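Hello,

Here is the structure I promised to hand over. Please look through it first, then read my notes below.

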Amino acid sequence: MDLGIEGKTAIVTGSARGLGRAIARRLALEGAHVVISDIDEAKANETASELKAMGLSAHPVVTDVTRAADVQHLVDETIGIFGGVHILVNNAGIPRDRYLVEMTEDDWDVVMNVNLKGAFLMARAVMPRMIEQRWGRVIQISSRAHFGNPTQANYAAAKAGLIGMSKALAQEEGRYGVTVNCVAPGFMQTEMVEALPTYEAIRDKAVRLQPLKRVGQPDDVAHAVSFLASECASFISGEVLHVTGGRFG
Ligand SMILES: NC(=O)c1ccc[n+]([C@@H]2O[C@H](COP(=O)([O-])OP(=O)(O)OC[C@H]3O[C@@H](n4cnc5c(N)ncnc54)[C@H](O)[C@@H]3O)[C@@H](O)[C@H]2O)c1
């Protein structure tokens with residue numbers, strides 16, 4: 001299937017590692033120019049170098065998505081180098097899991113800022129260009145956690161917030177040829193979840209509760225994102241695509 005994104009430019013936030021790196025690699029393999037934007041400079045450079053060594057088009061830009069000035073610099077540099085911005089994948093995200101009674105204001109704020117405010121700042125910064133181009137794709141990495149998980153009031157609220165934001169933007173920007181969708185992954189094997197003290201228990205529970213009995217891999221998410229970024233998905237907007245091995249709730 002030709003995805004029709006050859007020569008298009010994609011910004012993937014938080015793409016130095018994990019799901020973001022897999023998404024960036026997949027889009028680059030489809031012929032897109034990809035901007036590896038991440039707060040981790042060394043890893044962003046490493047990932048961009050890996051893609052370039054594969055003969056793909058990639059450029060690293062250090063960005064903290066919670067800072068409007070960083071976000072504007074990222075978009076300006078992207079347009080300066082590649083001449084446009086067609087695809088935005090809001091993937092940067094962090095958990096800060098605690099039971100509510102132990103959750104600090106900082107736990108709440110930092111999760112909201114990275115997962116939700118970052119996506120708002122990014123979408124706002126790219127939208128004028130997408131409107132001008134009359135073509136754009138915004139894909140937000142939500143989570144199955146939008147249904148709710150114990151210890152994740154902050155994370156679940158942010159990931160549910162992304163869905164509401166996407167449905168509003170889908171209504172607002174559709175007339176300009178811009179689609180806005182969410183991908184909601186279930187448990188995926190990445191450094192983020194491997195760092196959790198309860199990693200093995202969460203992984204085993206996830207597989208037990210999924211109809212499809214295997215651990216989700218970053219490429220499972222990357223394939224869903226590349227479809228939503230493609231010409232094949234040009235009539236889909238405001239949607240949430242669950243990549244959860246068939247598990248809901
Ligand atoms: N792994 C899972 O099981 C899973 C499931 C559902 C949703 N998600 C979501 O998918 C996304 C990627 O998760 P992952 O597992 O690959 O995580 P990860 O921790 O492996 O990667 C996240 C990347 O985001 C970067 N980042 C963090 N804060 C940032 C900031 N302020 N600005 C820019 N970059 C920043 C990190 O440096 C890192 O490279 C997140 O939004 C996460 O919430 C993950």
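**What surrounds the ligand**

The shell around the ligand holds 14 nonpolar, nine polar and four charged residues. Here Ala, Val, Leu, Ile, Met, Phe, Trp, Tyr, Cys and Pro count as nonpolar, Asp, Glu, Lys and Arg as charged, and the others, Gly among them, as polar.

A word on the source. This is a predicted model, where local features need pLDDT of at least 70 and side-chain atom pairs count only at pLDDT 80 or more, while totals for chains, interfaces and linings use all residues. Residues are numbered from 1 along each chain as its sequence is written, and side-chain values use heavy atoms, with hydrogens and water left out.

Back to the ligand. There are 27 residues around it (a heavy atom within 4 Å), and R17, D38, N91, Y155 and T190 come nearest. On its own, the ligand has 830 Å² of accessible area (Shrake-Rupley method, 1.4 Å probe), and the protein covers 93% of that.

Helices take part too. α1 (18-29), α5 (153-173) and α6 (191-194) each supply at least two residues of the shell. Helices (H or I, at least four residues) and strands (E, at least two) are DSSP runs, numbered from the N terminus.

**The sheet**

Seven strands form an open, parallel sheet in the order β3-β2-β1-β4-β5-β6-β7. Strands pair if DSSP finds at least two bridges between them. β3 (58-62) and β7 (240-243) are the edge strands, each pairing on one side only. Neighbouring strands are turned by 20° against each other on average, direction ignored (axes are lines fitted to C-alpha atoms).

α3 (68-82) packs on the sheet and touches β1 (9-13), β2 (33-38) and β3 (contact: heavy atoms within 4.5 Å). Its direction makes about 155° with that of β3 (angles run from 0 to 180 degrees between N-to-C directions, with helix axes fitted over the stretch in contact).

Six bridges join β5 (136-141) to β6 (178-185). One partner pair is V138 and V180.

**Two loop residues**

Most residues other than glycine have a negative phi. R134, in the loop between α4 (105-133) and β5, has a positive phi near 55°. T151, in the loop between β5 and α5, has a positive phi near 75°.

Best wishes
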